[in-house]
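This note is intended for a colleague meeting the structure for the first time. Please read the numbered points beside the model.

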Amino acid sequence: MQLLRIYEKLFCMKLSRTDRRLLDALQRDVTPSQNELAKLSGLSRTSCWRRIREFEASGVIEKQVALLNPGKLGFQIHVLLAVAMVEHTDANRDNFEAHVQSLPEVTECYSVSGERDYILQVVVADMDAYNTFINTQILHHPAVRSASSTFALRRLQYSPARPLCRTRNPRIR
């Protein structure tokens with residue numbers, strides 16, 4: 001138990017109410033000025049800037065990006081692709097994971113438990129593009145035994161934000 005407390009002190013940061021307000025504001029929009037963020041979080045401009053830099057240095061803030069609308073860019077097909085491996089070896093896993101990370105159509109990939117080994121989120125322009133993708137990039141991979149596609153009919157909810165305000169006293173590693 002003592003070792004766990006030492007670990008938490010060294011590698012975890014406790015989020016204050018002010019931290020949560022600042023991170024929540026940044027999750028909604030990273031474009032406000034330092035002055036606006038300071039006002040939203042209740043910090044001085046300098047303290048706000050310093051805290052953001054600490055979040056970046058610790059990895060809490062990984063990067064700042066623009067969220068693009070896939071439909072406006074012509075990506076009409078969204079697929080949850082479940083993949084089963086031929087054999088569960090380190091070499092197969094490493095090879096497949098490296099392959100998936102090189103595919104721009106794959107926007108997310110999770111290693112999962114259950115009948116399948118991976119769930120991939122795939123976005124493509126149309127069914128022809130998906131047919132080409134699954135047959136040339138997934139099913140031809142030597143580590144893949146089978147794949148099952150579930151097509152999204154419409155997106156009901158999407159948010160990259162994390163529920164900071166609902167967590168009583170989160171610790172960030």
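1. The largest pocket holds about 2,000 Å³ of space. Of the 48 residues that line this pocket, V65, L67, Y158, S159 and P160 are the closest to its centre. A pocket is here an open set of points on a 1 Å grid over the protein atoms alone, where a 1.4 Å probe fits, with protein on both sides within 12 Å along at least five of seven lines; lining residues have an atom within 4 Å of a point. The volume is the space filled by probe spheres set on the points, which are joined across faces, edges and corners.

2. The model is predicted: local features need pLDDT of at least 70 and side-chain atom pairs count only at pLDDT 80 or more, while totals for chains, interfaces and linings use all residues. Residues are numbered from 1 along each chain as its sequence is written, and side-chain values use heavy atoms, with hydrogens and water left out.

3. The chain has six helices and six strands, in the order α-β-α-α-α-β-α-β-β-α-β-β from the N terminus. These elements are DSSP runs numbered from the N terminus (helices H or I, at least four residues; strands E, at least two).

4. Which element gives the most to the lining of the largest pocket? It is β4, with five residues. At least two lining residues each come from α2 (17-28), β2, β3 (106-111), β4 (118-124) and β5 (144-151). By class, the lining comprises 28 nonpolar, 12 polar and eight charged residues; Ala, Val, Leu, Ile, Met, Phe, Trp, Tyr, Cys and Pro count as nonpolar, Asp, Glu, Lys and Arg as charged, and the others, Gly among them, as polar.

5. L67 belongs to the loop between α4 (45-58) and β2 (77-85). L67 counts as exposed because its relative accessible area is 55%, the classes being buried under 20%, exposed over 50% and partly exposed in between (1.4 Å probe, protein chains only). Of the 173 residues in the chain, 28% are buried.

6. Two further loop residues deserve a look. P142, in the loop between α6 (127-138) and β5, is exposed with a relative accessible area of 66%. P142 and V86 lie 56 residues apart in sequence, and 7.9 Å separates them in space, C-alpha to C-alpha. G114, in the loop between β3 and β4, is exposed at 64% relative accessible area. Between the C-alpha atoms of G114 and A84, 30 residues apart along the chain, the separation is 9.7 Å.
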